[in-house]
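Subject: Handover of a structure and its findings

Dear colleague,

Please find below the structure that I am passing on to you. The notes after it set out what was found.

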Amino acid sequence: MSDLGDLYQQVILDHNRNPRNFKRLDAANRKAEGNNPLCGDRIQLYVQLDGDTINDIGFQMPQGSGCAISKASASLMTEAVKGKPRADAEAMFQAFRDMLAGGANAPGKLAAFSGVRAFPSRIKCANLAWHALHAALQNSAEPVTTESAKDF
Amino acid sequence: MLDTRRIRTDFPILAQKENGQRLVYLDNAATSQKPQRVIDAIVHYYNFHNANVHRGAYTLAVEATDAYEAARTAVARFVNAWATEAVVFTRGTTESINLVAGSWGRANVKAGDTVVVTAMDHHSNIVPWQILCQEKGATLRMVEITKDGRIDLADFGRALEAGPKIVAFPYVSNSLGTVNPAAQLSRLAHAAGAVTVVDGAQSSPHLRVDVQSLDCDFYALSGHKMLGPMGSGALIARPALLEAMPPYHGGGEMIEKVWDDRSTWNKIPHKFEGGTPNVEAAVGLAAAIAYLEQLGMDKVSAHEQELAKVAIERLSQIDGVTIYGPAGGHRAGVVPFTYGDIHPHDLATILDKDGVCIRAGHHCTQPLMRRLGVAATARASFYIYNDVDDVDALVTAVRKAGELFGVLAS
């Protein structure tokens with residue numbers, strides 16, 4: 001097992017403490033809910049899609065229901081995809097998943113989660129927000145759970 | 001205190017490292033580790049006595065049956081059951097409670113009836129009753145808890161006014177460590193005309209249990225939390241109730257005669273043990289009981305309470321730590337806590353790095369978590385092989401987590 005500092009990198013601790021885009025988005029035209037029933041993590045994701053562009057994005061986690069990894073991942077995800085075409089967001093999701101599965105680091109700040117690879121029990125935490133984003137972009141009405149997606 | 005140095009040598013798993021550190025196993029409320037004696041009993045059974053039980057005419061089958069029935073006698077003695085045939089082997093507490101709900105419940109609960117549970121029950125003592133009530137059109141009434149994590153006796157009294165058919169509660173709370181006044185609750189429930197179902201998953205490993213003095217009707221236990229194998233467990237019930245109950249699982253062994261279109265049932269407890277039973281689990285459980293009886297359950301209980309007391313004292317000294325459960329009085333070796341705004345899962349990951357295994361989450365008690373106003377807690381739970389060094393390892397690792405995260409006290 002690698003060092004705790006590899007898991008809880010400063011950028012992750014910062015986004016956990018001060019999550020960005022941590023808001024309900026009244027203008028959202030896409031929403032998705034993500035659940036990790038094993039640990040109780042819950043995320044509500046709001047996306048305002050303008051054509052194919054993610055114009056705005058926000059998320060909420062009920063009080064105390066997000067661990068540092070899931071909250072920071074959601075926060076960094078919203079920063080990464082805001083203003084981007086949905087195809088770019090989906091590509092980032094793929095890169096993020098590949099990184100956690102042992103592949104190359106995802107681009108930019110998302111690489112901060114490379115340390116999660118060494119903590120298999122926490123991979124679902126890191127992926128939760130991304131699965132919710134995927135569901136929102138697909139306009140899926142079903143809440144996503146970490147137990148329904150095989151490759152979570 | 002127990003001689004933990006000697007006891008630890010009986011548990012092979014405790015000799016290994018967790019992430020390069022001494023293994024500090026503090027998730028005993030989830031499952032206990034197993035002494036060599038239990039592991040050996042299972043191996044011995046397969047090496048020397050394995051055959052199907054209750055049907056072979058040959059010596060080996062008689063030996064297997066004797067081993068299985070001796071395990072039943074051991075369980076009966078361990079909880080002071082009304083009779084040996086009061087013990088039905090199951091896969092554990094969950095199956096035991098489902099058996100009561102599916103058999104006694106389905107036969108006796110009707111539309112408009114009430115079933116009472118408590119807000120500190122484990123999901124395994126809530127969900128089977130929800131399923132039963134939904135099927136029958138009955139009402140499930142959940143008794144509230146007090147601020148300090150006890151069953152609210154005033155609300156319990158109000159719940160009894162409906163004249164419930166069944167009153168179910170835990171003897172010891174897995175999430176809070178509360179030891180409930182089970183005999184008193186049972187007496188009150190009986191006075192209201194109910195049968196009582198006691199979830200004994202957490203009490204059986206940790207207290208001297210006497211189902212006759214508890215005066216309950218059904219008592220469920222799991223072997224794996226009390227040094228026994230996974231998949232071992234029992235329902236202990238008043239024989240007269242078992243006699244009157246319809247079977248739970250149909251199949252071999254549980255019948256007396258089978259006609260083309262109907263059957264008659266075997267004697268209790270076999271009526272409830274359809275199919276080939278888990279003999280290795282029963283044999284392993286008997287070895288676990290022998291181990292605990294040799295230590296003495298009163299000493300086991302005192303040992304855990306002392307460790308919990310020390311853990312609560314030392315964790316409380318950390319600014320930002322909140323401990324849940326009764327502040328005083330009788331509590332089991334379960335210490336639930338939160339630490340500032342650090343999520344319990346992050347705590348568990350950080351502690352694991354130091355070899356300290358704790359549970360983080362809702363502990364299968366979501367209604368309770370809602371009442372506590374938390375999404376999750378961290379939980380350290382102690383057993384016979386834990387000592388004050390383990391408490392120190394816990395406290396040191398928790399302090400480390402605080403340094404890493406720069407705790408904001410909530």
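Two residues are said to be in contact if their C-beta atoms, placed from the backbone, lie within 7 Å. In chain A, taking the contacts between residues at least 6 apart in sequence, 66% join residues at least 24 apart. Please note that this is a predicted model.

Chain A as a whole

Chain A contains 5 helices and 4 strands. Read from the N terminus, their order is α-α-β-β-β-α-α-α-β. The radius of gyration of chain A is 14 Å, close to the 15 Å that the globule rule gives for 152 residues, and chain A is therefore as compact as a globular protein of that length. Along the principal axes, the C-alpha atoms of chain A fill a box of roughly 45 × 30 × 30 Å. Of its 152 residues, 46% count as buried.

The sheet of chain A

Strand 2 (residues 41-50) of chain A runs antiparallel to strand 3 of chain A, and 7 bridges join the two. Within this pairing, A:Leu45 has A:Phe59 in strand 3 of chain A as its bridge partner.

The contact between the chains

Chain A contributes 15 residues to the contact and chain B contributes 14 residues. On the side of chain A that touches chain B, 10 residues are nonpolar, 4 are polar and 1 is charged.

The nonpolar cores

The largest nonpolar core has 132 residues, and B:Phe218, B:Ile236 and B:Leu394 have the most contacts inside it. Helix 10 (residues 279-295) of chain B supplies the largest share of this core, 11 residues. A second, separate core has 44 residues, among them A:Leu25, A:Ile69, A:Leu137 and A:Val144. Which residues does B:Leu394 contact, leaving aside its neighbours within four places in sequence? They are B:Val24, B:Leu26, B:Ala311, B:Val356 and B:Ala380.

An antiparallel sheet in chain B

In chain B, 4 strands form an open sheet in the order 13-14-17-16, with antiparallel pairing. Its edge strands are strand 13 (321-323) and strand 16 (359-361) of chain B, and each pairs on one side only. On average, neighbouring strands of this sheet are turned by 30° against each other, direction ignored. Strand 16 of chain B is joined by 3 bridges to strand 17 (residues 377-381) of chain B, and the two run antiparallel. B:Gly361 stands opposite B:Thr377 in strand 17 of chain B. Helix 12 (residues 344-353) of chain B lies across strand 14 (334-339), strand 16 and strand 17 of chain B, and runs at about 160° to strand 16 of chain B.

Strand 4 of chain B

Strand 4 of chain B is covered on both faces. B:Val87 and B:Phe89 lie on one side, B:Val88 and B:Thr90 lie on the other, and all four are buried. In a regular strand the side chains alternate between the two faces of the sheet. Strand 4 of chain B pairs in the antiparallel sense with strand 10 (residues 233-237) of chain B over 4 bridges. The bridge partner of B:Phe89 in strand 10 of chain B is B:Ala234.

Backbone details in chain B

Most residues other than glycine have a negative phi, and most peptide bonds are trans.

- The peptide bond from B:Ile268 to B:Pro269 is cis, with omega near 0°. B:Pro269 sits in the loop between strand 12 (263-265) and helix 10 of chain B.
- B:Asn80 has a positive phi of about 50°, although it is not a glycine. B:Asn80 is in the loop between helix 3 (59-78) and strand 4 (87-90) of chain B. B:Asn80 counts as partly exposed because it has 14 C-beta neighbours inside 10 Å.
- B:Cys364, also a residue other than glycine, has a positive phi near 60°. B:Cys364 lies in the loop between strand 16 and helix 13 (366-372) of chain B. With 18 other C-beta atoms within 10 Å, B:Cys364 is partly exposed.

With kind regards

Technical notes: Residues numbered from 1 in each chain as written. Chains lettered and ligands numbered in written order. Predicted model: local features only at pLDDT ≥ 70, side-chain atom pairs only at ≥ 80, totals over all residues. Nonpolar A, V, L, I, M, F, W, Y, C, P; charged D, E, K, R; others polar. Core = buried A, V, L, I, M, F, W, Y, C linked by C-beta atoms within 7 Å. Buried ≥ 20, exposed ≤ 12 C-beta atoms within 10 Å, placed from the backbone. Rg over C-alpha atoms; globule rule 2.2 N^0.38 Å. Pairing = 2+ DSSP bridges. Axes fitted to C-alpha atoms, helices over the stretch in contact; angles between N-to-C directions.
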